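Hello,

Here is the structure I promised to pass on to you. Have a look at it first, and then read my notes below.

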Amino acid sequence: MTAGSEFTMRVWRGDASGGAFQDFRMDVGEGMVVLDVIHRIQAEAAHDLAVRWNCKAGKCGSCSAEVNGKPRLMCMTRMDIFEPGETITIAPVKTFPLIKDLVTNVSFNYEKAKEVPAFKPKAKEADGTRRMYQEEVDRVQEFHKCIECFLCQDVCHVIRDHPENKPAFAGPRLFVRYAALEMHPLDTNDRLGLLKQRAGLGYCNITKCCTEVCPEGIHITDNAIIPLKERVVTEFNDPVVWLLRTVTGRKRKTADGAGS
Amino acid sequence: MAAADQFETHEYDVIVIGAGGAGLRAAIEASAQGARTALICKSLLGKAHTVMAEGGIAAALGNVWPEDNWKVHWRDTMRGGKMLNNWRMAQIHAQEAPDRVLELEEWGALFDRTKDGLILQRDFGGHRYARLAHVGDRTGLEMIRTLQQHAVHKGIDVFMECTMQRLLKDGDRISGAFGYWRESGRFVLFKSKAVVLATGGIGKAWRVTTNSWEYTGDGTAMALDAGADLIDMEMVQFHPTGMVWPPSVRGILVTEGVRGDGGTLKNSDGVRFMFNYITPYFAAETADNEQEADAWYADKKNNRRTPDLLPRDEVARAINSEVKAGRGSPHGGVFLDIATRRDPDYIRRRLPSMYHQFRELAGVDITKELMEIGPTCHYVMGGVRVDADTTASTVPGLFAAGEVAGGMHGANRLGGNSLSDLLVFGRRAGLHAAEYANALAAAPRVDDGEVEAAARTMLSPFERAGGENPYAVHGDLQDCMQALVCLIRVEPEMQQALEKIAALNERLQHVTVEGNRQYNPGWHLAMDLHSMLTVAEVTTRSALERKESRGGHTRDDYPDPDPKFGAVNVVTRKRQGQLTICQEPLPAIPDELKPILEEK
């Protein structure tokens with residue numbers, strides 16, 4: 001793509017009551033990303049065009065949208081991946097209810113976050129410190145990279161195609177959070193029962209759509225969801241674990257701090 | 001706009017405006033003190049500017065260098081701030097930062113580790129020892145997420161995408177705040193005994209900036225309008241390393257961690273030019289040759305710090321001088337080199353988001369190629385004048401913490417001292433706001449007339465036919481500040497800026513917005529313009545008042561520091577709609593602390 005190419009930006013305009021795509025012919029300069037073009041439309045042609053954004057550097061996860069049908073961060077989608085003259089369709093993420101234009105109501109994710117039982121650290125070392133080694137925090141740090149863009153939630157067909165599943169399904173973003181807590185070297189809380197029941201881990205049939213769209217490259221399916229599924233299976237279905245529990249009379253530890 | 005039935009009303013003991021690090025920490029503390037607390041933020045929770053902080057949190061934990069302690073941190077902070085800091089804030093900050101970092105760990109944060117399993121600390125500009133607790137180059141994300149999740153688990157009421165426009169008063173006291181929901185455009189009134197401002201900075205008044213759309217100086221302007229003192233608003237930090245190419249990414253932050261981890265600045269001749277810009281003030285502690293500078297990373301006892309890690313004001317000015325002398329990079333910056341200095345694995349591990357950012361946005365592989373960087377508006381050291389211990393402003397019931405508050409960083413902030421500032425003074429703001437609210441016998445009264453006047457002003461862009469485009473007014477303000485009140489300043493240009501700001505204020509009276517009140521960014525910007533024009537004017541007037549060069553404030557017409565100005569804050573007040581600027585003496589450093597400053 002050369003500087004000064006012209007593109008047609010086909011942008012969704014409307015709210016919960018309805019709407020339509022509107023075309024804008026825009027000049028695009030070198031290095032511009034989709035969000036730059038949206039801002040230019042705002043400044044020059046549609047002052048009330050609703051869009052969320054903050055950092056413009058892929059760090060805050062605010063500007064999620066569906067660009068030519070693909071869930072992406074608009075700030076990290078360069079215009080030079082498209083052919084000059086091409087029509088580029090910008091739609092709001094589909095899985096969440098539309099507020100206006102490119103802005104959706106993502107409160108689902110914040111409500112689900114309230115249900116996650118809190119971090120509950122074990123006692124400190126005898127010398128009063130917390131000792132953890134890089135090798136053991138590495139895998140959890142991968143999960144902490146999540147910028148909460150909710151693209152994984154958007155693309156997850158459990159809720160994308162079946163909104164009726166939402167009450168009983170937390171979604172990939174929250175599974176990453178559960179995994180971060182479950183694998184935290186200091187944590188002692190138990191969330192496996194919740195994962196099995198209210199968070200609906202079993203709904204996920206590991207199609208890896210979430211992993212594919214993660215702008216942080218988190219291996220959501222392989223490193224978070226599958227290990228959680230294994231833990232749940234071990235906890236609830238493993239005959240050895242069941243037998244041990246019966247023989248020793250030890251009960252499952254229970255989660256606390258859930259919701260608030 | 002008629003009666004009060006047109007907006008919803010909430011009542012709290014403490015409301016916290018802003019949900020970055022300072023706001024979150026304040027809300028957590030106020031709530032822990034038993035105050036009914038609300039946290040109100042302009043964006044979604046977890047998207048505030050703190051999320052973009054990269055390098056780390058400065059705290060003298062002494063995990064890497066046991067020699068480190070609060071006194072050294074205090075000394076570094078004071079010297080980095082060119083002694084214009086409020087000494088007591090800097091002392092509290094240095095003393096309490098380690099506890100605040102360890103507290104984050106108790107709440108689930110996972111910092112990078114030392115070999116012994118403790119929190120690893122990295123080198124940063126102006127810090128004598130490796131002092132910054134960090135997570136790669138995404139420390140702000142770790143911090144905001146930890147605080148966010150802790151606040152959620154504590155059940156604190158959060159009002160997201162809710163923007164406050166006006167502080168309300170009952171006589172001299174704070175009685176609440178008034179604003180609107182972004183989603184619906186509907187008004188919302190908070191009646192509150194105390195208000196904590198944690199609204200961040202003002203960088204959106206400049207064209208080249210690391211700051212997001214939220215950084216429009218709302219808290220600063222609201223405090224000023226409510227009668228609070230501002231100090232040292234001329235002290236704006238231009239971070240030396242922002243991206244310069246391509247144009248659409250100009251200004252995006254490149255962490256100082258690149259230099260902390262071994263990166264070096266070079267000009268178009270390939271020369272490490274920072275050795276030519278070591279000022280006498282820092283000569284005793286700065287390496288004057290490449291060999292010593294490179295050896296310093298591993299051996300701080302026998303070597304002095306590399307000049308690449310001089311405080312930010314020094315480095316930004318040096319880059320500016322190199323570019324002016326014709327030794328810049330092709331797109332008007334200089335080069336930042338980590339590719340030839342560290343191996344690719346190390347770079348990707350230590351600086352993953354820089355690697356990603358340059359690869360995706362500029363098509364540059366920083367493990368193989370040089371980065372092009374230049375100064376970018378980053379941070380305001382000045383702000384609301386606060387009591388060092390309580391963060392109380394000069395208006396009863398109004399507290400301020402984080403970037404919106406002034407004094408802590410003096411004339412120049414050291415990297416890493418911001419995140420620690422947020423935690424230390426965020427906690428204190430929450431604590432003292434709750435104490436204040438709990439001690440208040442009766443809730444202050446909200447003046448309906450004040451609320452209605454605010455509502456009328458907010459709706460006016462819909463009701464007039466002036467035809468001014470809010471985006472155009474904003475763009476012209478950014479160009480004005482970028483050209484005339486930037487890194488290097490002179491009186492005639494700043495006078496010109498004042499004339500332009502006056503003209504922009506006139507245009508603001510004719511700004512018109514289209515569409516309705518539902519999620520309307522044009523309208524939101526029209527309302528933010530009042531704040532941005534206010535802080536632009538205050539910054540410019542303060543910069544005219546300070547006839548010297550110090551820290552982030554460089555005057556070509558007064559190129560040297562002047563001890564007379566080094567002893568004063570530039571104070572701004574608004575009375576009956578008129579700004580007044582005056583000089584008032586800095587709090588005096590106690591004699592017992594002075595020897596610490598002289599230690600080499």
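**A strand in chain B, and two sets of contacts**

In chain B, strand β13 (residues 334–337) and β14(B) run antiparallel and are joined by three bridges. Within this pair, B:V334 sits opposite B:I373 of β14(B). Please keep in mind that this is a predicted model.

β14(B) has another neighbour too: strand β11 (residues 236–243) of chain B pairs with β14(B) in the antiparallel sense, over six bridges. There, B:V236 has B:V380 in β14(B) as its bridge partner. Is strand β14 of chain B buried or exposed? Of its 10 residues (371–380), 10 are buried, so the strand is largely enclosed by the rest of the structure.

Next, the two chains. On chain A, 49 residues are in contact with 49 residues of chain B. The elements of chain A that each supply at least two residues to this side are α1 (34–44), β6 (98–100), α2 (107–114) and α3 (134–144). α3(A) gives the most, with five residues. By type, the side of chain A that touches chain B comprises 23 nonpolar, 14 polar and 12 charged residues.

Finally, chain A itself. Chain A is divided into domain 1 (5–104) and domain 2 (107–248), and their centres, taken over C-alpha atoms, are 31 Å apart. Between them, 12 residues of domain 1 are in contact with 13 residues of domain 2. The domain 1 side of that contact consists of six nonpolar, four polar and two charged residues.

Enjoy exploring it!

Best wishes

How values were computed:
Residues numbered from 1 in each chain as written. Chains lettered and ligands numbered in written order. Predicted model: local features only at pLDDT ≥ 70, side-chain atom pairs only at ≥ 80, totals over all residues. Contact = placed C-beta atoms within 7 Å. Helix = DSSP H or I, 4+ residues; strand = E, 2+ residues; numbered from the N terminus. Nonpolar A, V, L, I, M, F, W, Y, C, P; charged D, E, K, R; others polar. Buried ≥ 20, exposed ≤ 12 C-beta atoms within 10 Å, placed from the backbone. Pairing = 2+ DSSP bridges. Domains from an automatic or database assignment.
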